[in-house]
Amino acid sequence: MQNRLPGDPVILLGVVNTKLRDFYSSLDEMCEDMQISRQELTEKLALIDYAYDSERNQFI
């Protein structure tokens, strides 16, 4: 993942959920716009037992 996002999964969770809430209508849209790997992002957040919920547009 590029250095545009925090490396710590807990901090990453807060940043990503804030971006999803405030700027993006989907995870795919955010990943495409920020040029980051959806798979790498979801794997990193899975380390702390979070998964993307498309209906809520956030990691829960």
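Which residues have the most contacts inside the largest nonpolar core?

**View 1. The largest nonpolar core of the predicted model.** This core, a set of buried Ala, Val, Leu, Ile, Met, Phe, Trp, Tyr and Cys residues joined through side-chain atoms within 4.5 Å, has 15 residues, and those with the most contacts inside it are Val-16, Leu-20, Leu-27, Met-30, Ile-36, Leu-41 and Phe-59. At least two residues of the core come from each of helix H1 (9-22), helix H2 (27-34) and helix H3 (38-46), helices being DSSP runs of H or I with at least four residues and strands runs of E with at least two, numbered from the N terminus. The model is predicted, with local features needing pLDDT of at least 70 and side-chain atom pairs counting only at pLDDT 80 or more, whereas totals for chains, interfaces and linings use all residues. Residues are numbered from 1 along each chain as its sequence is written, and side-chain values use heavy atoms, with hydrogens and water left out.

**View 2. Surroundings of Val-16.** Apart from neighbours within four places in sequence, Val-16 is in contact (heavy atoms within 4.5 Å) with Met-30, Leu-41 and Phe-59.

**View 3. The two sides of helix H1.** Pro-9, Leu-12, Leu-13, Val-16, Asn-17 and Leu-20 are the buried residues of H1 (buried means under 20% relative accessible area, exposed over 50%, partly exposed in between, with a 1.4 Å probe and protein chains only). Seen down the axis of H1, they fall within an arc of 125° (from the directions of the helix axis to the C-beta atoms), so they line one face of the helix. Val-10 and Arg-21, on the other side of H1, are exposed.
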